[in-house]
Each structure stands twice: as C-alpha cells, then as structure tokens.
Amino acid sequence: MPASVVVGLQWGDEGKGKTTDFLSEQVAMVVRYQGGDNAGHTVVKGDEVLKLHLVPSGVLYPHITSVIGNGVVVNPETLIGELDMLAARGIDVRRVRVSRSAHVIMPYHVALDRANEARLDGAKVGTTGRGIGPAYGDRAWRLGLRMGDLVDPEVIRGRIERVLPDKNLLLDSMGANGFDVDALVEKAAAWGERLATHLDDTTWLVQSALARGEHVLLEGAQGTLLDLDHGSYPFVTSSNAVAGGATTGGGIGPLQVDEVMGVMKAYATRVGSGPFPTELTDDIGEGIRERGNEVGTTTGRPRRVGWFDAVPTRYAVAVNSVSSIMLNKIDILSGLESICLCVAYECDGRRLDRWPSSAESLARATPIYERFEGWEEPLHDVRSLAGLPENARRYVTALEELAGVPIVLVSVGPERTQTIERAWRPMRRAPVRV
Ligand code: IMP
C-alpha cells in the first residue's frame, strides 16, 4: 500500500507543484492534506501556465483522482472558480473529490483575517488575507461549518445564527463591516448545491485506493518552516504542513507512508513577516528574485530572497522523516560569481547548529556561511549530474551532505522535462486507470 508524501522543507514556494507534476504519471491519486487557498501551485504544461490554489495539480492528468482532504480549509468560491476554469480548458473535473469533513472558509473569516492584520500593524504576520487562521481557529473551537454541512440549509442556518453575532461584534470593534445571516445562508446553500457532486468520504477513497495497491501521493502546501508547531511561530500558517499532517489531514495512518520526498529550492524565499537570517537585501537578492520570478502566486507580493539555509533544512529533514529530496531552481543561480551556503548560526556569542523555532532567537541569529564558486553556464538543457558544471555539482553535493538525505531529482527549469533524475528507489508503479 504505497503512499508518498511531498513536503516543503523551507518557507513554502519550493516548487512542490512541479514535483507532484513530475511524479504524477506514477500515481493514481493526489491528496491535498492541509492549508487552503493561501497556497498557489504553478504548473507549466506546454504553452499553458496554470495557477491553482486548491485543486491538486494532478488534475491535469486524466488518470488521477484529485482529492481535497479533511485537513484542508476550503473557500468554496475559490474552488468553484478553479473547477470552472479547468472545465473551460476541457479538463474532466468530476475526478475532483472534496472531503465532507473539510472546513469551510466563510466570508467573515476572510474579513477577520484582514481586519486583524490591519490592527496588528507593525506586528502583523503578513498573512495571505484568505481567512486561514480564523477558519482553523473556528475548527479548533468547534464553531466551524464543514463542506458536508453545505448541502443542508437548515444546518447552515443553525451554525451561522450561532456564530455570526460574535463575529460581527468583533468585526465592528476592528472597524470592519459585519455580515447578514440570510445573505450568508443563501450564499452557502448555493455553494452546497454547486459542489454537492464533488463531496465524498475522502478517507475511504484514499483507503480504497491503497487497498487496491494504487499509489497515492499526499501533497503538502506551504512548508515546514511555516508549520504551526514546527515553524517560526507566530510567523507561521495555521496548519501542519509537515509530513505528519498528511496522516491527520489526508486520512491515512503513519505506517501507510513509505516515502517522504522533501522539496527545496537551491536558495531560500519567504513571503510575509518573520525572521529570515540569510535574507539578501542587495542586488544579488534582487537578481535571484527576478530570474526566479519570485512573486507570490496568491498575493502577487514579491518574495523575500536569501541564501540557502542548511540549519532549518536539517530540522525539516528530521521532523518530516524525509527519505529523498527534490532540489528545484538550481538554474536560477547561474551567473553568480559566488554562492553562500549557511551552515550554522551565531547567536548570543555562541555557535548554533540547531534551528531555534522561536522567532525571537531566530531574529538574533547571524548566519555562518561557506562560500562556493559560482558558474556561468545556463543549466536548462542539462539532464545528468555529470553534465552540470563542476561548481554546480560541488554545490549540490554540499547540499546533499548537509541535508543527510539523497537528492534524487534536480530541476533545471520549469518544464517537466527539465529535470535531472538520479538513480533512486523509484516509486512503485501503479496500473494507470483509464
Ligand atoms: P496565512 O496562511 O495566510 O495565514 O499566512 C501565514 C504566513 O504563511 C504568512 O507569512 C504567509 O505569507 C505565509 N504563507 C501562507 N501560504 C503560503 C504559501 O503558499 N507560500 C508561501 N508563504 C505562504
């Protein structure tokens, strides 16, 4: 019963969409297990660039069932928009299945997220403004609406009548507009009608696929350093992006996972606030941002850019039990005279090899760098490690040694074919369903 987890090892935006896309021929089902439309996956297919926020990128393949698991918070409007966009491109969206237990992001969650960020001002998290925190908050507080509830207007009304007075009070105290019960009930019931045929018991969908011996891929959103428990709290998202989140949010048990592929970029990026020890605020950083097109898929915000930081990588490898790594965007580093790699921090006069997940300690950390000579050559056409310029090879070897896990895939461009595939234990092939 092979299940693989694809997990980000940095602050998100590591290129997990490309990883899933690359592996998708071998899998029968792709499951999103946490996050919401704060995520953005860019998938390049020929001339087409598709931006998806909720639907797993495997949807582009007719043999794949795309599952939005119970651990996801769903903005139905975004989901409907994506389904319509995909259908307009001739993609069969009946294979998109949504857990009845996934929580709904309501308009008041979005309003609360934005009003709260405005109130926090200089201390804001820099959220995507998609209502993620308030929706997960209500889930934990047992005040949420679940996707399955949307098909019953009576249930919708009951839930909304119970929570809306408090939400409106809070919004009012923050100077934001409140909502009307009837209008929300009508909206939610319309979502339910539209999405009813996509709702499913996704735990059993996943379990049945595994029982048939099909390969299931569980796709994480964001990354380990944004994980609610393991990231640089409070500058994190509100879900468990780590591989463990795949079990609670995807409906599988820990022993059903037989591979965890960690995904990382050859440099670091971060969107939103929070400490970022290797951040580059100079022309080198600007150049990487431009060449790497480092702009948030969801918000259009320029991403903060920095050198690769091996300190959190070691932590990420450990907490995710990463068994293999895909290294993305090494091509973006071509043309740099030298490349720095952070191997440890200096913090309060001491060397620190372990990642402090407290934002306060991290803010005081100064990187200790190892410097590597750069390379001039573009890498887009390289298809083997031996074909890489020697300095690029040295850099990849150093990353692999620091991570302590084999780098089995190296991406040298956005296209699926622009990938160096090393000899590795291949994912077991499942019969392709037609
Ligand atoms: P939220 O998830 O919108 O609440 O935002 C919390 C933090 O996570 C902010 O710093 C966001 O910029 C960051 N974040 C959320 N989703 C993503 C993502 O998909 N990529 C990168 N950063 C993200």
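**Figure 1. A model with 4 aromatic pairs, some of which meet at Y395.** Here, rings of Phe, Tyr and Trp (for Trp, the six-membered ring) pair if their centres lie within 6.5 Å; planes under 30 degrees apart count as stacked, over 60 as edge-to-face and the rest as tilted. F372 and Y395 make an edge-to-face pair, with 5.7 Å from centre to centre and 75 degrees between the planes. F372 belongs to strand β18 (residues 366-373) and Y395 to helix α12 (residues 390-403), so this pair ties together parts that are 23 residues apart in sequence. Helices (H or I, at least four residues) and strands (E, at least two) are DSSP runs, numbered from the N terminus. Is F372 buried or exposed? F372 counts as buried at 13% relative accessibility, and Y395 is buried too, with a relative accessible area of 0%.

Together, F372, W375 and Y395 form one aromatic cluster.

**How to read these views.** This is a predicted model, in which local features need pLDDT of at least 70 and side-chain atom pairs count only at pLDDT 80 or more, while totals for chains, interfaces and linings use all residues. Residues are numbered from 1 along each chain as its sequence is written, and side-chain values use heavy atoms, with hydrogens and water left out.

Figure 2. Most residues other than glycine have a negative phi, and most peptide bonds are trans. P234 lies in the loop between β10 (216-219) and α8 (244-250). You will find R142 in the loop between α4 (132-140) and α5 (153-173), where it counts as exposed at 71% relative accessibility. K329 sits in the loop between β15 (324-328) and β16 (338-347) and counts as partly exposed at 23% relative accessibility.

**Figure 3. Where domain 1 meets domain 2.** The chain is divided into domain 1 (3-90 + 201-421) and domain 2 (103-197), with bounds that come from an automatic or database domain assignment. Their C-alpha centres lie 29 Å apart. How many residues of domain 1 are in contact with domain 2? There are 28, and they touch 22 residues of domain 2; contact means heavy atoms within 4.5 Å. The two domains bury about 1,900 Å² between them, 58% of it on carbon and sulfur atoms. Buried area is the accessible area (1.4 Å probe) that two parts lose on being put together, summed over both. V73, P76 and I80 supply 26% of the area that domain 1 buries against domain 2, more than any other three residues.

Across this interface there are 2 salt bridges, each a side-chain nitrogen of Lys or Arg within 4 Å of a carboxyl oxygen of Asp or Glu. The side chains of D84 and R194 meet in a salt bridge at 2.7 Å, N to O. On the side of domain 1 that touches domain 2, β6 (73-74) and α2 (76-88) each supply at least two residues. The largest share of that side, 6 residues, comes from α2.

**Figure 4. T237 and its surroundings.** T237 is found in the loop between β10 and α8 and counts as buried at 12% relative accessibility. Leaving aside neighbours within four places in sequence, T237 is in contact with N38, I132, Q222, L226 and L228.

**Figure 5. Helix α10 and what covers it.** In helix α10 (residues 310-320), the buried residues are A310, V311, P312, T313, A316, V317 and N320. Their cover includes β1 (3-8), β11 (257-265), β14 (308-309), β15, β16 and α12. Just after α10, S321 takes a positive phi of about 40 degrees.

How values were computed
Buried means under 20% relative accessible area, exposed over 50%, partly exposed in between (1.4 Å probe, protein chains only).
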